[in-house]
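Me: I would like to learn how to read features in a protein model. Could you take me through some, step by step?

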Amino acid sequence: MRKRVRGLSWRPGCPVGLDDLRLLRIGYWGFDGRARVGRMIVAASAVRAIRGAFARLFAARFPIRRMRLVDDYAASDSASIAADNTSAFNCRLATGSSRFSEHAYGRAVDIDPIENPYVYPNGTTVHAASRPYLDRSRHRPGMAFAGGALVRAFAAVGWGWGGDWRPPSATDYQHFSSTGR
């Protein structure tokens with residue numbers, strides 16, 4: 001893992017050291033109904049919660065498009081989102097902020113980001129493929145919604161959901177974190 005992420009998702013100056021990160025292999029159901037195994041990097045302190053939440057998602061047969069390291073997208077959050085990639089660690093700033101994202105600490109995961117867009121306070125999203133999912137009134141495969149399998153799985157391990165964020169902040173349906181931020 002060290003060689004793979006050095007200079008991409010991790011670099012000197014990140015708020016977490018490489019020794020505090022873990023590479024996980026996680027079973028999930030693809031949108032094609034087939035069982036798959038993906039990989040993600042999380043903080044050592046997040047391993048138990050992540051394993052617990054994804055075990056619940058697997059049991060519920062919740063579909064995930066793909067799960068690859070953000071390094072496969074040159075650590076570009078935008079490229080990872082465009083690929084509808086579920087990912088966790090990436091040493092980057094929070095969207096629209098000068099502070100580190102919870103992803104930079106390995107304490108956050110984004111799941112099915114096309115189906116679960118980051119929505120600006122004005123109701124828009126950057127990724128065109130996500131625009132049909134701005135309407136949250138109809139629940140479709142891969143979508144996070146209050147009371148749904150995805151939100152319940154992370155609530156069960158004590159993690160907060162970006163779909164609960166309220167104006168004037170953005171709403172981040174794909175985002176789950178140990179801190180709720």
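Me: Where does the charged end of Arg 107 sit?
Reply: Over the ring of Tyr 105, 4.3 Å from the ring centre. A charge sits over a ring if NZ of Lys or CZ of Arg is within 6 Å of the ring centre and within 35 degrees of the ring normal. The charged end of Arg 65 also sits over a ring, that of Phe 31, 3.7 Å from its centre. This is a predicted model, where local features need pLDDT of at least 70, side-chain atom pairs count only at pLDDT 80 or more, and totals for chains, interfaces and linings use all residues. Residues are numbered from 1 along each chain as its sequence is written, and side-chain values use heavy atoms, with hydrogens and water left out.

Me: How many aromatic pairs does the structure hold?
Reply: A pair of aromatic rings is described by the distance of the centres and the angle of the planes. Rings of Phe, Tyr and Trp (its six-membered ring) pair if their centres lie within 6.5 Å. Planes under 30 degrees apart count as stacked, over 60 as edge-to-face and the rest as tilted. This structure holds 8 such pairs. Take Trp 29 and Phe 58: their ring centres are 4.9 Å apart and their planes stand at 20°, so the pair is stacked. Trp 29 lies in strand E1 (residues 21–29) and Phe 58 in helix H2 (residues 47–59), so the pair ties together parts that are 29 residues apart in sequence. Helices (H or I, at least four residues) and strands (E, at least two) are DSSP runs, numbered from the N terminus.

Me: Is Trp 29 buried or exposed?
Reply: Buried, with a relative accessible area of 13%. Buried means under 20% relative accessible area, exposed over 50%, and partly exposed in between (1.4 Å probe, protein chains only).

Me: What about the rings of Tyr 118 and Tyr 120?
Reply: Their centres are 5.1 Å apart and their planes are at 75°, so this pair is edge-to-face. Tyr 118 is buried at 19% relative accessible area. Tyr 120 is partly exposed at 29%.

Me: Which residues do ring pairs link into a cluster?
Reply: Phe 54, Phe 154, Trp 159, Trp 161, Tyr 173 and Phe 176.

Me: Which residues touch the most other members of the largest nonpolar core?
Reply: In soluble globular proteins, nonpolar side chains tend to be buried together. A nonpolar core is a set of buried Ala, Val, Leu, Ile, Met, Phe, Trp, Tyr and Cys residues joined through side-chain atoms within 4.5 Å. The largest core here has 29 residues. Met 40, Ile 50, Phe 54, Val 109, Ile 111, Phe 154 and Phe 176 touch the most other members. E1, strand E2 (35–43), H2 and helix H4 (149–155) each supply at least two residues of this core. H2 gives the largest share, 6 residues.

Me: How many cavities of 30 Å³ or more does the structure hold?
Reply: Rolling a probe the size of a water molecule over the atoms shows where empty space is left. On a 1 Å grid over the protein atoms alone, a cavity is a set of points where a 1.4 Å probe fits but cannot get out. A pocket is an open set with protein on both sides within 12 Å along at least five of seven lines. Lining residues have an atom within 4 Å of a point. Grid points are joined across faces, edges and corners, and a volume is the space filled by probe spheres set on the points. This structure holds 2 cavities of that size.

Me: What is the volume of the largest pocket?
Reply: About 450 Å³. The pocket is lined by 25 residues, of which Arg 92, Ala 94, Thr 95, Tyr 118 and Asp 172 lie nearest its centre. Helix H3 (residues 77–82) gives the largest share of the lining, 3 residues.

Me: Which value does phi of Asp 112 take?
Reply: Most residues other than glycine have a negative phi, and most peptide bonds are trans. Asp 112 is not a glycine, yet its phi is positive, about 45°. Asp 112 lies in the loop between strand E3 (108–110) and E4. At 0% relative accessibility, Asp 112 is buried. Ala 75 also has a positive phi, near 60°. Ala 75 sits in the loop between H2 and H3.
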